[in-house]
Amino acid sequence: MTFTEQSLSAQLAGIPAGGRLVVAFSGGLDSSVLLWALYRLRQANPDAFSLSAIHVNHGLSSNAAAWQHFCEQTCARLGIELSVELVHIARESGASLENLAREQRYAAFVRQLRAGDCLVMGHHLDDQAETFLLRTLRGAGPRGLAAMPRTRPLGAGTLLRPLLSVTRQTLEEFARTEQLQWIEDESNDSTLFDRNYCRHELLPVIARRWPSYREKWLRSMQLGGEAEELLQELAAQDYAQVCTADETILDAAQLLQLSPARQRNLLRYWLQRVGAAEPGWHVLQQIVVELLPAAVDAQPEISWGGREWESTAGQLDAHKPPSRFLLRRYRNRLHLLREQSAWSNQERFFWQPPLPLPLPGNGSLQALAGHGEGLRQLPVGSLLQVRYRQGGERCCLAGRRTRTVKKVLQDAAIPPWLRERLPLLYVNDELVCIPGVGVCEGWQATGNERSWKVIWQPVPNTPAS
């Protein structure tokens with residue numbers, strides 16, 4: 001496929017008139033061609049869109065400052081506003097430097113995009129071929145084999161890759177015809193990186209035997225995309241049968257009625273829908289083979305994750321600490337949780353409603369005023385004491401017999417992982433209320449007595465929160 005400003009203009013169809021295009025400008029060949037072609041299009045039609053650029057300085061090369069200076073000069077010469085983001089790559093043990101840099105880069109893009117903006121990236125057909133090959137080697141499914149999407153949501157805006165059907169050679173020919181200058185990143189020559197190894201070692205060998213491999217693979221990517229669309233449609237239908245009022249909980253009994261392949265497909269769809277980290281094949285297989293068929297009273301759990309990945313909204317926050325996600329089964333329900341921070345069950349607090357009471361690492365308590373229902377209000381100036389279970393506590397809920405708190409919470413269907421965190425309310429050393437469960441005998445409001453409805457709000461467990 002040839003590349004011209006007109007062919008690029010055709011790829012911009014659907015961009016709202018007058019919208020802002022933001023070029024991800026590294027100074028390399030592809031982004032330099034993209035910036036120049038968009039600049040020329042805007043010259044011809046100033047009202048079509050506004051144009052700006054963003055340069056991310058990773059600081060990984062000794063030439064990083066020179067590359068930033070080149071981008072600043074180029075944009076100044078063309079009268080294009082340039083934003084520069086300086087990022088720090090913390091080299092983590094065992095982590096891929098390529099992936100770490102990519103995370104920081106996309107986090108910078110998200111910070112820069114305003115509502116309605118379109119981030120335009122210069123990925124081309126050779127980049128797609130490399131992505132396809134790498135994902136094939138990693139055992140990707142249809143979604144992965146569809147490679148990079150042409151467009152998707154990103155932060156408050158949209159990401160667009162208009163050059164995915166154009167080869168690098170075509171872009172280079174255009175750049176030389178237009179007498180453009182660009183920079184070469186010396187790290188692109190290092191075959192220590194997987195992508196570079198594919199580019200310099202594997203793909204040239206493939207090209208000698210199958211010169212048209214890019215176009216053939218492009219067809220496979222398109223077919224992979226179509227297959228993924230069909231799988232998403234099927235998953236949406238299945239999800240309607242197993243979802244509950246809480247989007248982080250599925251009906252495990254209904255889920256078990258599906259075949260293992262449909263279970264994995266639905267789980268992948270659900271986890272993506274709520275913004276959880278991609279679990280990968282092995283975790284999905286664990287869920288299907290070990291967690292779902294486990295005995296009802298087994299209370300199994302599976303965890304995965306560790307870093308904050310992109311959500312369904314295209315969000316990525318590289319500043320959040322690594323997160324782990326947990327799937328737990330309880331009473332034929334599948335619960336998705338974010339692993340919570342450490343807390344102490346030895347702490348005690350004094351509380352004077354109606355002021356809310358923050359509980360370190362464990363949400364907060366609130367009291368809603370009412371009459372005749374809930375905990376009887378104490379005299380003005382009196383304090384409630386808040387404690388956590390230590391074991392062996394007993395209580396007598398209003399109208400019931402005395403039992404252990406453990407048994408009371410079991411009968412109230414409080415999930416096991418919340419029981420230890422559930423705050424208990426005392427007056428002196430007498431247990432008077434278990435929030436969300438009940439008020440103890442002798443402490444319930446009657447008639448028109450002023451009362452408190454005590455509500456415990458745990459730390460949000462929604463994966464995308």
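Reader: Which helices supply at least two residues each to the lining of the largest cavity?

Author: Helix H9 (213–242) and helix H11 (260–273) do, where helices are DSSP runs of H or I with at least four residues, strands are E runs of at least two, and both are numbered from the N terminus. H11 gives the most, with four residues. This is a predicted model, in which local features need pLDDT of at least 70 and side-chain atom pairs pLDDT 80 or more, while totals for chains, interfaces and linings use all residues. Residues are numbered from 1 along each chain as its sequence is written, and side-chain values use heavy atoms, without hydrogens and water.

Reader: What makes this space a cavity, and which residues line the largest one?

Author: It is called a cavity because, on a 1 Å grid over the protein atoms alone, a 1.4 Å probe fits at its points but cannot get out; lining residues have an atom within 4 Å of a point. For the largest cavity, these are Arg143, Glu228, Leu231, Gln232, Asn265, Arg268, Tyr269 and Gln272. It holds about 40 Å³, a volume being the space filled by probe spheres set on grid points joined across faces, edges and corners. The structure has two cavities of 30 Å³ or more.

Reader: How do the residues of that lining divide by class?

Author: Two are nonpolar, three polar and three charged. Tyr counts as nonpolar here, alongside Ala, Val, Leu, Ile, Met, Phe, Trp, Cys and Pro; Asp, Glu, Lys and Arg are charged, and the others, Gly among them, polar.

Reader: Why do E3 and E5 stand at the edges?

Author: The open, mixed sheet runs E3-E2-E1-E4-E6-E5. Strand E3 (81–86) and strand E5 (151–154) each have a single partner strand, so one side of each lacks a neighbour in the sheet. Neighbouring strands here are turned by 30° against each other on average, direction ignored.

Reader: How do you know that E4 and E6 pair?

Author: Pairing takes at least two DSSP bridges, and strand E4 (118–120) and strand E6 (157–160) have three, in the parallel sense. They do count as a pair, therefore, by that cut-off. Val120 has Leu160 in E6 as its bridge partner. Helix H2 (29–44) packs on this sheet, touching strand E1 (19–24), strand E2 (49–57) and E4, contact meaning heavy atoms within 4.5 Å. Helix H3 (64–78) packs on the sheet too, touching E2 and E3, and its direction makes about 170° with that of E2.

Reader: At what angle do H5 and H9 pack, and what makes a crossing left-handed?

Author: Helix H5 (125–137) and H9 pack at about 65°, with axes 10 Å apart; axes are lines fitted to C-alpha atoms over the stretch in contact, and angles run from 0 to 180 degrees between N-to-C directions. A left-handed crossing has the near helix turned anticlockwise from the far one by less than a right angle, and H5 passes H9 in that way. Among the residues that meet are Phe132 in H5 and Trp217 in H9. Eight nonpolar, two polar and three charged residues make up this contact.

Notes:
1 Å grid on protein atoms, 1.4 Å probe; cavity = no way out; pocket = protein on both sides within 12 Å on 5 of 7 lines; lining within 4 Å.
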